[in-house]
Amino acid sequence: MAAQDQGDVFEEGGDAEIRQGPLERWVSTVIKNPKRAYRAMFYVATLFFLVTTLFPFYWLLVLALTPNRLIRDMGLLPKGFNPEVFITMFERVPFHLFMFNSFVLGIATTVIVLLLASLAGYVFGRLRFPGRTALMLGILAISYFPPAAFFLPLFELFTGGTDIVLGPITVSSPDLFNTPAPMVFPFSALFMPLSIFILTTFYGQIPDGLEDAARVEGTTRLGALFRVIIPLSAPGVATAGVLTFISVYNEFFFSFLMNNGEASSWAPIVAGILKYQGQFDTPYNLMAAASIVGVLPVAILVIIAQERIVSGLTAGALKE
């Protein structure tokens with residue numbers, strides 16, 4: 001009798017497992033082995049990242065390889081194969097000059113930001129003075145302002161529409177439109193707060209004994225900054241520099257409004273892509289090809305410096 005009851009129990013248990021759906025069986029397995037849940041969450045997050053990050057680049061490649069006359073009711077595969085578009089784009093527009101302008105603007109802004117952010121990071125990270133925290137919060141708050149909030153006064157300033165009062169002397173602001181200045185200066189102001197924050201964290205972690213030893217040897221605070229603190233904070237400096245360059249390279253607002261869109265006027269990549277638009281047609285394949293070529297230097301830079309960026313951000317987030 002007992003054996004019969006036990007058999008009935010096994011039979012009922014087997015029927016219960018059969019009645020369970022695939023999701024219920026998976027949940028039961030996960031309860032017994034939580035690592036399966038973590039693995040599933042990792043796969044879902046990875047798939048979501050790949051779709052949202054890589055699909056736009058794939059779609060640009062599809063548009064670039066498809067002849068412009070066939071870009072209609074597109075699927076996930078290109079209609080045709082036209083690799084000559086990557087040569088035609090340089091024949092139609094001198095896109096290499098726009099890329100050169102973006103590189104110059106990015107490098108100039110990065111140098112200015114790293115120089116000033118290093119000085120500010122030293123002050124905030126290694127000196128103690130009243131109002132230090134409030135001043136740091138005020139600097140960080142600048143990065144949350146939209147660029148449009150600064151455009152009108154800066155446009156008046158850089159196009160000679162503002163009078164500057166210097167005591168008894170009043171002079172008009174210089175006309176710097178179509179020069180690098182009206183782009184580099186706003187870039188530096190907008191992207192400097194993040195660099196100051198990163199470098200402040202790194203500089204604050206350097207032991208005081210190392211700087212004191214340099215001071216004993218006769219160097220000044222400025223000398224100790226450039227000879228001791230900055231070399232020891234190389235991951236943070238590299239992180240701030242790479243992030244600044246990428247942000248400037250991808251900037252749209254001031255890059256589009258502070259020049260007339262010509263390569264000779266220091267217009268960056270965004271103006272070069274828009275140059276392909278004609279009065280009666282819009283060659284989407286050329287614009288897509290230009291976008292791919294324009295993003296390649298940044299993609300290569302990120303691939304090369306990704307370990308330094310990650311290590312710099314994670315090391316700067318920890319207080320030793």
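Predicted model: local features only at pLDDT ≥ 70, side-chain atom pairs only at ≥ 80, totals over all residues.
Residues are numbered from 1 along each chain as its sequence is written, and side-chain values use heavy atoms, with hydrogens and water left out.

I then looked up the overall content. The protein chain has 14 helices and 2 strands; helices (H or I, at least four residues) and strands (E, at least two) are DSSP runs, numbered from the N terminus. Of its 320 residues, 34% count as buried.

I next looked up the salt bridges (a side-chain nitrogen of Lys or Arg within 4 Å of a carboxyl oxygen of Asp or Glu). The structure holds 4 of them. Arg126 pairs with Glu211, with the closest N and O atoms 2.7 Å apart. Arg126 lies in helix 5 (residues 95–126) and Glu211 in helix 9 (residues 208–216), so the pair ties together parts 85 residues apart in sequence. Arg126 is buried, at 13% relative accessible area.

Glu211 also forms a salt bridge with Arg221, the closest N and O atoms being 3.6 Å apart. Arg221 is partly exposed, at 40%. I recorded that Arg126, Asp208, Glu211 and Arg221 are linked in a network of salt bridges.

How values were computed: Buried < 20%, exposed > 50% of the residue type's maximum accessible area, 1.4 Å probe, protein only.
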